[in-house]
Each structure stands twice: as structure tokens, then as C-alpha cells.
Amino acid sequence: QYSPESVAGADGELDPTEVTFPGCSCRSRSCAAPECPCLSRGHSYSSLGLLLAEQQQQQPQPFSRPVFECNSLCCCGEGCQNRLVQRGLQLRLQVFRTRHKGWGVRALQPIPEGSFVCEYAGEVLGFAEAQRRIQAQSPQEPNYIIAVREHLHDGRVMETFVDPTRIGNVGRFLNHSCEPNLFMVPVRVDSMVPKLALFAAADIAAGEELTYDYSGRFRNVPGASRERKAPEEENSLRKPCYCGSRTCASFLPWDSSLFSTP
């Protein structure tokens, strides 16, 4: 079932459509920092899309700032620059059959660096339901469930689980690459349940396959992922990687936490 944005999972634990954030009182057509409380919380957009760390400052920071868009309770207009991911897919993309990786997605138009491409949408699940579903899968079945962990400054970890197996959008067909041209950013609009937004990490040509790193690394920077190295015995459970990049890790990223017994 196609859905342009995430929906509440069958477990009913989280509802991504619930509005819990207050709106800004900005009366201008487009909000600006630092006056807008939504923008003052984190990153802002440029005319092209997300301002990348390298563009904002010479020294890349070890942690990224969060992204909060204006929401349905805000006084600013629909044309506000701080409303991007919520507008959904605006680009021409195509699902196609790849040579070794099953289905994939490619661009049908050039995409500038920093542009919002699409959301990874599906059912938003709690940990227990995500773990139940992933343990019920056979090794031959494709796994679409993504676990996003945000490490906060005070040591806490926020987890988001999205499953587009039965309900989802074009994002479910994106393949992994160890040298990807997309990167994922949790973007919050109405509540703390984020939209898993994919942005262009470089200029992308028409016809180029769109990929991102399933482990969450940004531009494959060493140490950008908390993924641990899997023991040799776990490699039998891992799926091989066919990205073909020079830095290919041979296996798709591995997260054993959903397989462990509570």
C-alpha cells in the first residue's frame, strides 16, 4: 500500500501524525532565525535544501544539530522556507530493476547537493513490535525495517523504527552503498516522531542510481557510525553487499539488537 508519509504502526504505540509541538507566531511569509523558535532549535534550510556542515563552517562538528520544520500550528504561510520535507516528493524518480540488487531507484533529473529527495516512509513501530517482526522473517526475505538511533548530548538515545514492508513509499526501494550519494536526517515537524528524510550528499546526475548507507554514516566518514564489527559467526546471518564501490565492506550493515532476546 503506497503512502507518501509514515503512518502509525499496527501496534498503535506511536502516531507520527499527532501534533504535540507548539506553533511559531511568526507573521512573515517565510520564517527567519533567530526570531523563529522552530529555526532556533537547530539546522535551517538554504534555497537549495539542507545546509551541509561543510557549508556552514570550516570545521566539521562531531555531532549534527537537529532539524525542526514549522508545523500546522505555525502562523507562517505554506510558502515558508522552513517547510520542505513536509511537502513530500517533488522530484522525478524511477523504480527500476538493477543487475544484482533487485529493485532500485534512479533520478530522472539532475539533483543538486543538499536537495531533499524523499522520505523513508512506512509504519512507525515501537521496539517490541519491530523486534517481533524482524525475528519472524526468514533469512531469504528482504528486510525493510530501519532502526534510527539519535545519540543526544546528555547520553540518552532516541530510537525510531520504520517498517515500509506493507505500507510505504518509493524510499523502500533505495539500495545501500558504501559510497552513497544520499544521507538520512531525522526531521521533526509536528512531534518528536521524526520523518526520515533523505538528502543529496553530492550533485546527482540524471539516470544515476540513488543510494544511502544503511548504517547511518555520512559520506562514509570513519567513526560516523556506532555500528560494531560483527563476530565472524554472525556473518552467516548477514546479507552480502553488491554496491561495487572501492570501499565496499562486503556485507550490508549489521544491527544485532533486534535479534537479541530481551
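The turns below go through aromatic rings, charges over rings and strands in a predicted model.

Trainee: What do the values rest on?
Mentor: The model is predicted, so local features need pLDDT of at least 70 and side-chain atom pairs count only at pLDDT 80 or more, while totals for chains, interfaces and linings use all residues. Residues are numbered from 1 along each chain as its sequence is written, and side-chain values use heavy atoms, with hydrogens and water left out.

Trainee: How many aromatic pairs are there by the rule?
Mentor: The rule takes rings of Phe, Tyr and Trp (its six-membered ring) with centres within 6.5 Å; planes under 30 degrees apart are stacked, over 60 edge-to-face, and the rest tilted. The count by this rule is seven aromatic pairs.

Trainee: Why is the pair of Tyr 120 and Tyr 212 called edge-to-face?
Mentor: Their ring centres are 6.4 Å apart and the planes stand at 65°, so the pair is edge-to-face.

Trainee: What does the pair tie together?
Mentor: Tyr 120 lies in the loop between strand 5 (116-119) and strand 6 (123-125), and Tyr 212 in strand 12 (residues 211-212), so the pair ties together parts that are 92 residues apart in sequence. Strands (E, at least two residues) are DSSP runs, numbered from the N terminus.

Trainee: What makes Tyr 120 count as buried?
Mentor: Buried means under 20% relative accessible area, exposed over 50%, and partly exposed in between (1.4 Å probe, protein chains only). Tyr 120 has 4% relative accessibility, so Tyr 120 counts as buried. Tyr 212 is also buried, at 4%.

Trainee: Which ring does Arg 172 lie over?
Mentor: Arg 172 lies over the face of Tyr 144, at 4.1 Å from the ring centre. The test asks for NZ of Lys or CZ of Arg within 6 Å of the ring centre and within 35 degrees of the ring normal. Arg 41 lies over the face of Phe 68, at 5.1 Å from the ring centre.

Trainee: Why is strand 10 described as largely enclosed?
Mentor: Six of the seven residues of strand 10 (residues 182-188) are buried, so the rest of the structure largely encloses this strand.

Trainee: What makes strand 10 and strand 11 a pair?
Mentor: Pairing requires that DSSP finds at least two bridges between two strands. Strand 10 and strand 11 (residues 195-200) have six bridges, in the antiparallel sense. A hairpin of six residues joins them, and Phe 183 stands opposite Phe 199 in strand 11.

Note on methods. Helix = DSSP H or I, 4+ residues; strand = E, 2+ residues; numbered from the N terminus.
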